[in-house]
Amino acid sequence: MKRMFTFLLAIICCQAYGTEVIGNYKTEVIVNLDRSVLVKEIIEVTVEGINIRRGIYRDIINVQINEQGRRIRYPVSVVSVMKDGVPEPYSVDEFDQFVRVKIGNPDILLENRVHKYEITYTMPEQVRFFDNHDEIYWNAIGTGWDFEIQYAEARVFLPDGAIITEYAGYTGYFQDTSCECEIVIVNENELEKKLPDHYIRTRA
């Protein structure tokens, strides 16, 4: 029996200032049969030594409301962190509603240029079950960035045998319901969402 999936995919940006920018932000979400997800994020950052000097951090929201309306904290397991193709030191801290992955060597200053970070992690129980469909909601970027994001895209891969029946996407600040984006069904179990080039959100 094929499982019917609904997507609610968010790409949420934040305030922008300074000359340091995130030029490219790509996310891949692989949905597994055990309801877990394997996530890979590729973040290309222009470093000018202003606010980014030794590294970056990524805040991953891991508190959600489950099917019964209960507030649940899901564990985040970091698989790997790379910078410019090689492993990079990192640490993980728990906060009230998110996990912070702090990336960088405190003894080394970054060169002022574009650096590519790759963060891979897993999170369990991200598929919600309903009577006639299953659902996954994924916040692809979050609200914790202090830098302009010029381009972003997110791609979701379902297990074999699952098909996409409905989907929605959101961009902007927390609780925004607009979608300044392009959503493409690549095939029956793969969805891609793109923000336009030079997408910029600034504080109102």
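Nine nonpolar, six polar and four charged residues make up the lining of the second largest pocket; Ala, Val, Leu, Ile, Met, Phe, Trp, Tyr, Cys and Pro count as nonpolar, Asp, Glu, Lys and Arg as charged, and the others, Gly among them, as polar. The model is predicted: local features need pLDDT of at least 70 and side-chain atom pairs pLDDT 80 or more, while totals for chains, interfaces and linings use all residues. Residues are numbered from 1 along each chain as its sequence is written, and side-chain values use heavy atoms, without hydrogens and water.

The second largest pocket holds about 390 Å³ of space. Of its 19 lining residues, G55, I56, Y57, K102 and I103 are the closest to the centre. Two or more lining residues come from each of β4 (55-61), β9 (90-94) and β10 (98-104).

A pocket is an open set of points on a 1 Å grid over the protein atoms alone, with protein on both sides within 12 Å along at least five of seven lines; in a cavity a 1.4 Å probe fits but cannot get out, and lining residues have an atom within 4 Å of a point. There are two cavities of 30 Å³ or more.

| Space | Volume | Lining by class |
|---|---|---|
| Second largest pocket | about 390 Å³ | nine nonpolar, six polar, four charged |
| Largest cavity | about 40 Å³ | three nonpolar, one polar, two charged |

The largest cavity is lined by Y57, R58, D59, I141, G144 and W145.

I22 counts as buried because its relative accessibility is 0%, the limit being under 20% with a 1.4 Å probe on protein chains only. Its contacts (heavy atoms within 4.5 Å) include W145 and F147.

Definitions and conventions
Buried means under 20% relative accessible area, exposed over 50%, partly exposed in between (1.4 Å probe, protein chains only). Grid points are joined across faces, edges and corners, and a volume is the space filled by probe spheres set on the points. Helices (H or I, at least four residues) and strands (E, at least two) are DSSP runs, numbered from the N terminus. Lists of a residue's contacts leave out its neighbours within four places in sequence.
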